[in-house]
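Here is a short briefing on one protein chain. Look at the sequence and the 3D structure first, then work through the points.

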Amino acid sequence: EVVAVDVSGGMLDQLRARLPQVRVEVGGAEAVPLADGSVDAVVAGQAAHWFDVEPAAAELHRVLGPGGVVGLVWNTRDERVPWVRALGELIVEEARGHEADQGVVERFAAVLPADVEVLDSAVVQSLTPEQVVGGIGTRSYVAVKDAADRVEFLGRVHELLATHPDTRDRERLDLPYTTRAYRLTLR
């Protein structure tokens, strides 16, 4: 059984539309709307760097049953690929501190306390240039821009893809990601 918890009712509405069988609850890591000891695992993807570690750790500890684990996952563009590195350089100018800070894992491990295991893997998405631009447009640091700034920035992303020697005139792009998954087992 899966229970999805998110601070955004709108995001949960999107999940409900696609997976109506999944139970959803509005809440955050610092106030999880679940009973004490009621879950075997808590998993957060691309989000834990936003959590307030001390209250979130207390909540996760509260809702986890005996032997419970916390899973924290980040997908990162593989910038060993030249065009992906160029994309990353363009994005970092705009992100200004919104990058996913995986250092939060060590803080969670200390506060919970928990033992940490790490698994690295990789995946490649085959996307059109428009899908790459659209995906960048969903990032929080882009979504909060006013309309004119958002259009200007996404235009620069589109221009990069249209002119970079590795992406120019390509209908599909292979966008590689590395995935780092952390398993925190409560002590």
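The notes below go from the whole chain down to single residues.

This is a predicted model: local features need pLDDT of at least 70, side-chain atom pairs count only at pLDDT 80 or more, and totals for chains, interfaces and linings use all residues. Residues are numbered from 1 along each chain as its sequence is written, and side-chain values use heavy atoms, with hydrogens and water left out.

**The whole chain**

- The protein chain has 7 helices and 6 strands. Helices (H or I, at least four residues) and strands (E, at least two) are DSSP runs, numbered from the N terminus.
- Along the sequence, the elements follow the pattern β-α-β-β-α-β-α-α-β-α-α-α-β.
- The C-alpha atoms fill a box of roughly 55 × 35 × 30 Å, taken along the principal axes.
- Of the 187 residues, 37% count as buried. Buried means under 20% relative accessible area, exposed means over 50%, and partly exposed lies in between (1.4 Å probe, protein chains only).
- Contact means heavy atoms within 4.5 Å. Among contacts between residues at least 6 apart in sequence, 75% join residues at least 24 apart.

**The annotated span**

- UniProt, in an unreviewed entry, places the feature "domain: Methyltransferase type" at residues 1–70. UniProt positions are in the numbering used here, feature names are shortened, and annotations may be inferred rather than shown by experiment.
- Residues 1–70 are 30% helix and 31% strand, and the end C-alpha atoms of this span lie 16 Å apart.

- Four strands form an open sheet of 4 strands in the order 3-4-6-5, with mixed pairing. Two strands pair if DSSP finds at least two bridges between them.
- Which strands are at the edges? They are strand 3 (39–45) and strand 5 (114–127), and each pairs on one side only.
- Neighbouring strands of this sheet are turned by 20° against each other on average, direction ignored. Axes are lines fitted to C-alpha atoms, for helices over the stretch in contact, and angles run from 0 to 180 degrees between N-to-C directions.
- Strand 4 (residues 64–77) and strand 6 (residues 173–186) pair in the antiparallel sense over 9 bridges. Trp74 has Arg180 of strand 6 as its bridge partner.
- Helix 5 (residues 129–137) packs on the sheet and touches strand 5 and strand 6. The direction of helix 5 makes about 140° with that of strand 5.

- An α-helix has 3.6 residues a turn, so residues three or four places apart point the same way.
- Helix 2 has the buried residues Val53, Ala56, Ala57, Glu59, Leu60 and Val63. They cover an arc of only 165° around the axis, which puts them on the same side of helix 2. The arc is that of the directions from the helix axis to the C-beta atoms.
- These buried residues of helix 2 pack against strand 3, strand 4 and helix 4.
- Helix 7 (residues 147–163) has 17 residues, which should span 24 Å at 1.5 Å a residue; its end C-alpha atoms are 24 Å apart, which agrees. The expected span is 1.5 Å times one less than the number of residues.
- In helix 7, Phe153, Leu154, Val157, Leu160 and Leu161 are buried. Seen down the axis, they fall within an arc of 105°, so they line one face of helix 7.
- On the face of helix 7 turned away from its buried side sit the exposed residues Ala148 and Val151.

**Residues in loops**

- Pro113 lies in the loop between helix 4 (104–111) and strand 5. The peptide bond from Leu112 to Pro113 is cis, with omega near -15°.
- Gln46 lies in the loop between strand 3 and helix 2 (53–63). Its phi is near 60°, a positive value in a residue other than glycine.
- Is Gln46 buried or partly exposed? Gln46 is partly exposed, with a relative accessible area of 35%.
- Asp169 is in the loop between helix 7 and strand 6. Asp169 has a phi near 65°, a positive value in a residue other than glycine, and counts as exposed at 76% relative accessibility.
- Gln102 is in the loop between helix 3 (82–95) and helix 4. Leaving aside neighbours within four places in sequence, Gln102 is in contact with Trp74, Thr76, Arg180 and Tyr182.
- Gln102 and Ala48 are 54 residues apart in sequence and 8.1 Å apart in space, C-alpha to C-alpha.
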